[in-house]
Amino acid sequence: MKNKILAVSLFFLTFFSVHAQLKSPSDFLGYELGSQFSRHADVVDYFEYIAENSPLVTYHTYGKTNERRPLTYAVISTEENIGNIEEIRKNHLRQTGILDGTPTTDKAIVWLSYNVHGNEASSTEASMKTLYNLITEKQDWLKNTIVIIDPCVNPDGRDRYANWYNQVKQTPFNTSQDAAEHYEPWPGGRPNHYLYDLNRDWLWATQVETRSRLKIYNQWMPHIHVDFHEQGINNPYYFAPAAEPFHDIITPFQRDFQTRIGKNNAKYFDKEGWLFFTKESFDLLYPSYGDTYPTYMGAIGMTYEQAGHGRSGLGIETDQEQTLTLKDRINHHFTTGISTVEMASKNAEELASEFSNYFENTDRKYKTFALNGNKDKIDALKELLDRHEIKYSRANKGERISGYSFTENKDGSLTTTDQTLLVSTQQPKGHMVEVLFEPKTKLNDSVTYDITAWSLPYAYGLNAVASTRDYSGKNTTETTSNISNVVDAEAAGYISKWNSLKDPEFLAALLKKDVKVRFSELPFSSEGKKFDAGSLIITKSDNKNLEDFNKTVVETANEFERELTVANTSFVTSGPDFGSPDVKLIGNPKIAMLRGEGTSSLNYGEIWYFFEQELHYPVTAIGTEYFNRIDLNSYDILIVPEGYYGNALGNASVNKIKDFVQAGGKMITIGRSVGYFAGQDGFSIKENKVEENKDNANSPNLTPYSMRTRERIKGNSPGSIVKTTVDNTHPLAFGYDNAYFSLKLSSSNYGLLNNGYNVAYMQEPKVVSGFVGSEAYKTLENSVVFAQENMGRGSVIYMVDNPLFRSFWQNGKLFFANALFMVK
């Protein structure tokens, strides 16, 4: 008995001795937490130090950012749990059906994500305090709880902000809102390297940070996920419960438990006299957030918002004449994080039980989504589903599947081919499948924080049917086909189709290898095969001076899996011969795009990412601050991203652009930049405005103050899907059918061109999913989505709807490629 008491005593003596020697964040960093912004490398060093010296923590690297900073996470629990962590993880996944077997765990899994927006920098500081507190004071909670901490989701953005602030701040810090340290320069620290908002990338997984994180997230599938943020300096703290609308797939338990967590947070805030608010602003609808994505994966997903953001620095005076400091912000985030872990530990068995129930619910209206279309588009969708470990399969060829037709927007059917993809809701992640593929978003409130439609068949340009029948038991084995073109030295050239994003990637690769490529403006037939307008024609005649012409073309086609058709002669069966004026040389365009003040950093980032990571074609970024000093004649194309250019460009810049276009250049305008040129001299595009009723023009405003938000949204279009008519004989629309489903992101609409070409347009409004306010709806009539007008020897392309939005609207990207290479 004495030996047993001695052993227990030694254990506790050793345990508390080790933890008494652990350094706090302030002791380790050498400065009081909250008195400086820590560099990402210092945060990593602290987490490594704790993991090396505490048996309660393991620390892992799950990837690297574009700027080579590590992406990391810590796993925190008792020493016993850490020793058995892999079995705990597998048991937890058995609750979902992802792994077979009977779940035996009653452990709660809590994932805390910090600093997804780089200039919302207090949360990473709070992550260090939270880690230290959990292992030194809250060990009892860890007996039945696993806590995962990602201390910095966005290291590149955080260091961009922290390094800037540390360079410009005064000593002591200046709390005046006018001080330079409260005005970040463009593009700010919020986004990642490619200037993407990582909090809106969870589902689309376009960025390396998201793709790396999802691999780990899918290994854990936590019960609770918290995303720590900051908001404007004058707002108190926000935490759950979330605002309406809630997606109707969210369960009563998920609603209830986030409210219970909120009440626990409130208990601590009330004790300290800290203000907070709930149930406002931040809804649970758009599926690609750090709160909604986990929610649709069965978790209690929540956003916590602290006042501060990039403006506040180490301290700022608010409009209420109170000083908000970084130390305050850290304490608030620390408190909600610890409070959340407490609630998980106290309710671990209930969390495990309800989590399991979430994945057992298979009572869904649609059982199967069947999708037909271009192989490249099907493959792109499969790639997305693979990232989320969502299962899919092939259909039996020649079967007729009936249901709701996405293309016809009513009941219909499709006949399966050897490419038809089946995605079933009768699988562990079936809830997420239903959210991603639902034909119409169900809205119980039209006041939302983000876009209200995203259905994947529209986003990927696929013909689809939503069926109430389960076809998952009738699947054929997945097959792969490898394209292997061979050299034909006697051929006059090669022909390649143009109907997916893979085709401009192939074209760009050829152009970089100095291969000259043509395209046909008209359909044609060659030796019994039909080819649509836009098809690429690569002739021996154009490439006489290119050594190894045949080998270069064939090897490049095989690399990009493009099927080449050998043309034995330039004389075609029907349509234009290869030497016809209607078969145009593409050339190797030199492209410039604007960046800097006035430019939307998000849209600039989308374009930048498209060129570097998808098209792999060079583009030159030109700052608006020195735009008037550069020689535009060195370029063939100027891209003007979304933005507010009133102060950034001015009359001199507009005249410079007009001279460039009239001399033979091409300008591509996107989104809000279309509005900058609308109505200016020489540009025929004009804003669509609803004529005001003269009788009501001067009438008094009798809208109740409490209804002001409801009244305002009548003019909003926060992101809906509309059906447009397409002139697919125009080069801007090569590769498309005569209809296109566009993601409409703004209430700014523009009338049909009288001088120019209306390429994608609506004569009658056709909203197929999402919310459009009643006043905004009126402006859709006779509005244009994509258009082109000639100006002198050049042309202007108007892309009213951004085809590269968040890189997820895959079916719009070919329009952008056409604007680059096809429109002459």
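This is a predicted model: local features need pLDDT of at least 70, side-chain atom pairs count only at pLDDT 80 or more; totals for chains, interfaces and linings use all residues.

Biologist: Thanks! In what order do the strands of the open sheet come?

Modeller: Five strands make up that open sheet, ordered 24-19-23-20-25, and their pairing is antiparallel.

Biologist: And which strands stand at the edges?

Modeller: Strand 24 (565-567) and strand 25 (583-585). Each has a single partner strand, so one side of each lacks a neighbour in the sheet.

Biologist: How much are neighbouring strands turned against each other?

Modeller: By 30° on average, ignoring direction.

Biologist: What does strand 24 pair with?

Modeller: Strand 24 pairs with strand 19 (residues 493-496) in the antiparallel sense, over three bridges. There, tyrosine 494 has valine 566 in strand 24 as its bridge partner.

Biologist: Which strands does helix 16 touch?

Modeller: Helix 16 (residues 502-512) packs on the sheet and touches strand 19 and strand 23 (536-539). The helix direction makes about 25° with that of strand 23. Helix 17 (residues 549-559) also packs on the sheet, touching strand 19 and strand 23, and its direction makes about 15° with that of strand 19.

Biologist: New topic: in what sense do strand 26 and strand 27 pair, parallel or antiparallel?

Modeller: Parallel: strand 26 (residues 591-595) and strand 27 (residues 620-623) pair over four bridges. Leucine 594 sits opposite isoleucine 622 of strand 27.

Biologist: Which helix makes a β-α-β unit with them?

Modeller: Helix 18 (residues 601-615), and the unit it makes with strand 26 and strand 27 is right-handed.

Definitions and conventions
Residues are numbered from 1 along each chain as its sequence is written. Side-chain values use heavy atoms; hydrogens and water are left out. Two strands pair if DSSP finds at least two bridges between them. Helices (H or I, at least four residues) and strands (E, at least two) are DSSP runs, numbered from the N terminus. A crossover is right-handed if, with the strands pointing away from the viewer, the path from the first strand over the helix to the second runs clockwise. Axes are lines fitted to C-alpha atoms, for helices over the stretch in contact, and angles run from 0 to 180 degrees between N-to-C directions. Contact means heavy atoms within 4.5 Å.
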